Amino acid sequence: MTTTPRGSGYPGYSETMYRTPETAEKARRLARLALRVWQMDDVEDGAALLVSELFTNAVCHARGECVRVIIDRPEADRVYLAVVDHAPDRLPELREAVPDDADGRGLALVEELADRWGCDLMGREHRPWGKRVWAEMKVTR
Ligand SMILES: Nc1ncnc2c1ncn2[C@@H]1O[C@H](COP(=O)(O)OP(=O)(O)O)[C@@H](O)[C@H]1O
Ligand SMILES: [Mg+2]
């Protein structure tokens with residue numbers, strides 16, 4: 001795991017992990033760890049859920065051996081969670097929720113839980129990584 005100094009003054013956490021369903025637990029643990037260090041325990045579950053959805057999407061819809069999980073605190077009251085994958089040609093699409101459909105709800109949940117979310121294609125300097133799907137939570141207390 002690496003911790004990276006940021007302009008905000010809060011070191012971020014990131015880790016490269018295998019892109020397998022079993023590793024999702026590790027991604028959730030990283031998010032929980034960061035939030036405990038930042039004493040934001042009240043949003044720990046929400047953050048773990050967000051990371052879980054982003055991670056599972058990278059497992060199901062991206063490609064490559066690894067992903068990179070990033071947990072940051074860009075501002076005192078904002079938490080940034082991202083999963084970087086190797087598939088720049090396949091993008092996340094928010095789908096209309098259909099009552100009996102088990103699939104296609106992950107991003108709807110992200111939309112609901114996150115203050116904002118998005119997807120950034122990685123620039124040439126960050127190749128071979130493809131894109132970064134991220135979500136931000138605003139933490140009010
Ligand atoms: N990291 C990703 N890489 C490629 N496609 C993605 C990624 N995340 C999401 N998607 C696309 O967005 C769609 C909606 O995602 P989601 O709401 O989580 O539903 P589900 O994962 O059940 O299909 C997916 O079906 C997929 O086509
Ligand atoms: Mg999904």
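Which elements each supply at least two residues of the shell around ligand 1? I looked this up first, keeping in mind that the model is predicted, and found that α2 (44-61) and α3 (106-113) are the elements that do so. Of the elements, α2 gives the most to this shell, with five residues.

**Ligand shell.** I then listed the surroundings of ligand 1 and found 20 residues, the closest being Asn57, His61, Pro92, Gly106 and Leu107.

**Overall fold.** I went on to the secondary structure, which comes to three helices and six strands, and I noted that the elements run β-β-α-α-β-β-α-β-β from the N terminus on. The radius of gyration is 14 Å, close to the 14 Å that the globule rule gives for 141 residues, so I recorded the protein as being as compact as a globular protein of that length. For the extent of the C-alpha trace along its principal axes I wrote down about 40 × 40 × 25 Å. Among contacts with a separation of 6 or more, I found that 59% are accounted for by residues 24 or more positions apart.

**Interior.** I checked burial next, and 29% of the 141 residues count as buried. As a reminder to myself, nonpolar side chains in soluble globular proteins tend to be buried together. The largest nonpolar core here has 32 residues, and those with the most contacts inside it are Ala31, Val51 and Leu81. I traced the elements that give two or more residues to this core and found α1 (24-37), α2, β3 (66-75), β4 (78-85), α3 and β6 (131-138), with α2 providing the largest share, seven residues. I also followed Ala31 individually: leaving aside its neighbours within four places in sequence, this alanine is in contact with Ala47, Ala48, Val51, Ile71 and Leu81.

**Helix α2.** At 1.5 Å a residue, its 18 residues should span 26 Å, and I found its end C-alpha atoms 25 Å apart, which agrees. I listed the buried residues of α2 as Ala47, Ala48, Leu50, Val51, Glu53, Leu54, Phe55 and Ala58, and I noted that these buried residues pack against α1, β3, β4, α3 and β6.

Definitions and conventions:
Residues numbered from 1 in each chain as written. Chains lettered and ligands numbered in written order. Predicted model: local features only at pLDDT ≥ 70, side-chain atom pairs only at ≥ 80, totals over all residues. Near = placed C-beta within 6 Å. Helix = DSSP H or I, 4+ residues; strand = E, 2+ residues; numbered from the N terminus. Core = buried A, V, L, I, M, F, W, Y, C linked by C-beta atoms within 7 Å. Buried ≥ 20, exposed ≤ 12 C-beta atoms within 10 Å, placed from the backbone. Contact = placed C-beta atoms within 7 Å. Rg over C-alpha atoms; globule rule 2.2 N^0.38 Å. Expected span 1.5 Å × (residues − 1).
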